[in-house]
Amino acid sequence: PDQMMSVMVAITEANRANGCLQVIRGSHQMGRVEHGFSGEQVGAAARYVELALKTMELVYVELEPGDVLLFHSNLLHRSDANLSDRPRWSMISCYNRASNIGYNESSSASASITPIDTVPDDALLTWETSGLSEDGADFLNKEADVALQ
């Protein structure tokens, strides 16, 4: 895992009010810690998080639309539920060396490799940026989000 990173791009504003990402500064230096289920989500074991917080700073990562955060795969992170009336959208992509095969994957290095397709430099500039989906629904409108209904 120390040959992997995540890239988070803020689509909308992320702040404490809408449950922005929180990280424990320096926790990636602890190495990979035990994970388990907490409800329906998998997360770091609470005892490791508690130990980290005794000596490491909790940082709220507040972002503006278009801001990018690069972070190590072992960095302890979480976010709170968005209880505000404002949406919080981001895109997170993970990048891994082809030689860094996950412990629970096939021994074939090609089992988890998806090549990255390149696009022209102006692809984002020419893409329709209205925020509307194909059916005309505004995906930034929290009331229109079917996942919240």
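Figure 1. Glu62 counts as partly exposed at 48% relative accessibility (buried is under 20% relative accessible area, exposed over 50%, partly exposed in between; 1.4 Å probe, protein chains only). Glu62 is placed in the loop between β5 (58-61) and β6 (68-72); strands (E, at least two residues) and helices (H or I, at least four) are DSSP runs numbered from the N terminus. Together with Glu13, Glu64 and Asp67, Glu62 forms a negative surface patch. Patch residues have over 30% relative accessible area and no salt bridge, with like charges joined within 9 Å; a salt bridge is a side-chain nitrogen of Lys or Arg within 4 Å of a carboxyl oxygen of Asp or Glu. Asp and Glu count as negative, and the charge is placed at CG of Asp or CD of Glu.

The model is predicted: local features need pLDDT of at least 70, side-chain atom pairs count only at pLDDT 80 or more, and totals for chains, interfaces and linings use all residues. Residues are numbered from 1 along each chain as its sequence is written, and side-chain values use heavy atoms, without hydrogens and water.

**Figure 2. Met5 in strand β1.** Met5 belongs to β1 (residues 4-10) and is partly exposed, with a relative accessible area of 33%. Beyond its neighbours within four places in sequence, Met5 has contacts with Leu70, Phe71, Ser73, Ser93, Cys94 and Tyr95 (contact: heavy atoms within 4.5 Å). The C-alpha atoms of Met5 and Leu70 lie 7.0 Å apart, across 65 residues of sequence.

**Figure 3. The chain as context.** Two helices and eight strands make up the secondary structure, in the order β-β-β-β-α-β-β-β-β-α. Of its 149 residues, 23% count as buried.

Technical notes
Patches are made of residues with over 30% relative accessible area and no salt bridge: like charges are joined within 9 Å, nonpolar side chains (Val, Leu, Ile, Met, Phe, Trp, Tyr) within 5 Å. Accessible areas come from the Shrake-Rupley method with a 1.4 Å probe; for residues, only the protein chains shown count as cover.
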